[in-house]
Amino acid sequence: MTGLNAPINDCKMRSSTSLTRHQYAGEDDLTALLDFASRSLAARFPLGATWHPGDIAWELRGQYGAKQAIRFWEVGGDVQAVAWFVGSNEVWVEALPAAETLIADAVAWAERSLRRRQATDQTMNLSVRAFHRDGSRIEHLQRLGFAQAGLEGVQFEFDLAATLPDVLLPDGFWLIDSGGVDVEQRAASHRDAWSALDHIGIAGAKSAFSADVYENLRASPPYRASLDLAVVAPDGSLAANCICWADDSSGIGIFEPMGTHPTYRGQRLSRALLAEGMRRLQGLGHRRARIATAPFNTSAIAAYSSVFQLFDRSSWWSKSL
């Protein structure tokens with residue numbers, strides 16, 4: 001996550017009625033961020049929300065105590081909206097449905113932040129992500145001068161009240177969760193999958209995922225070892241892996257990340273992981289399972305389409321500053 005310092009002359013205050021703003025300053029803000037993700041996910045249903053608590057854990061990867069390019073808008077101590085720079089000029093924003101008007105304030109903050117880094121003779125584009133089904137958000141961005149710039153992601157969903165797909169694996173393979181798995185082996189399994197991305201047009205990819213990062217991830221509040229799944233190959237190596245994240249408040253679970261060792265691609269191992277993850281989410285009483293990928297990741301789209309229904313797409317909306 002690229003850091004970007006926000007204005008700090010409005011201090012964090014608590015009031016029963018007034019709107020306050022502050023930047024993510026450390027671990028004390030993590031609980032509020034996770035709670036907002038859960039509340040917005042539930043409040044916006046059946047639409048998607050920008051973050052699931054699992055997305056927060058995955059993006060931060062244990063860096064909870066560091067300042068982040070995250071801005072909060074609060075009323076009476078309750079977070080109503082959040083903006084997060086996910087790149088040098090790309091920002092994700094979210095607001096509770098009753099606080100949708102705060103999107104304009106969030107975008108204005110992002111514009112000010114970007115202009116402070118902008119040379120006087122330079123034009124920069126600010127990009128904000130929006131879901132295609134969220135007509136209200138898109139209209140809001142259009143009124144603020146944004147225009148659609150290009151696809152950002154594809155989202156899939158499965159209704160867990162429906163009949164689940166069978167967990168099918170090739171002969172000699174079996175599925176485990178990561179409660180007792182060796183952390184070095186589990187981290188290496190992730191690196192193997194995400195350091196071989198030529199098949200989706202990313203040459204020379206190299207994952208820096210380490211055992212320390214993995215252990216920090218396991219210490220995050222949303223993590224459950226029973227939902228951290230892997231497929232074991234006949235030789236005992238980890239052939240594929242994924243983390244499923246539950247959210248009891250909204251009843252929605254997500255998968256992030258999902259990866260298969262290049263040696264074992266094409267054997268539908270990800271489908272087996274998804275089926276088992278959904279079975280476990282269903283056992284927890286969840287109502288939906290969701291997963292997303294980049295629009296150019298055709299192999300993932302094909303794999304997810306064999307299990308899920310297409311739920312939504314997202315695009316970048318851009319504005320020149």
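1. D182 counts as partly exposed because its relative accessibility is 43% (buried is under 20% relative accessible area, exposed over 50%, partly exposed in between, with a 1.4 Å probe and protein chains only). D182 sits in the loop between β7 (174-177) and α5 (183-194); helices (H or I, at least four residues) and strands (E, at least two) are DSSP runs, numbered from the N terminus.

2. Before going on: this is a predicted model, where local features need pLDDT of at least 70, side-chain atom pairs count only at pLDDT 80 or more, and totals for chains, interfaces and linings use all residues. Residues are numbered from 1 along each chain as its sequence is written, and side-chain values use heavy atoms, with hydrogens and water left out.

3. Have a look at β9 (residues 238-245). 8 of the 8 residues in strand β9 are buried, so the rest of the structure largely encloses this strand. On one side of the pairing list, β8 (residues 228-232) runs antiparallel to β9, with 5 bridges joining them (two strands pair if DSSP finds at least two bridges between them). D228 has I243 in β9 as its bridge partner. The two strands make a hairpin with 5 residues between them, and G236 in the turn has a positive phi of about 90 degrees.

4. β9 also pairs with β10 (residues 252-260), again antiparallel and through 5 bridges. W245 stands opposite I254 in β10. This hairpin has 6 residues between the strands, and G251 takes a positive phi near 75 degrees.

5. Strand β6 (residues 147-159) has two partners worth checking. With β12 (residues 309-320) there are 9 bridges, antiparallel, and Q148 is paired with W317. With β11 (residues 288-293) there are 6 bridges, also antiparallel, and the bridge partner of F156 is I291.

6. Now the cis peptides. Most residues other than glycine have a negative phi, and most peptide bonds are trans. The bond from F45 to P46 is cis, with omega near 15 degrees; P46 lies in the loop between α1 (30-44) and α2 (53-60). The bond from E256 to P257 is cis too, with omega near 0 degrees, and P257 belongs to strand β10.

7. Two arginines also deserve a glance. R61 is not a glycine, yet its phi is positive, near 50 degrees; R61 is in the loop between α2 and β2 (70-75) and is partly exposed at 27% relative accessibility. R268, likewise not a glycine, has a positive phi of about 60 degrees. R268 lies in the loop between β10 and α7 (269-283) and is exposed, with a relative accessible area of 53%.
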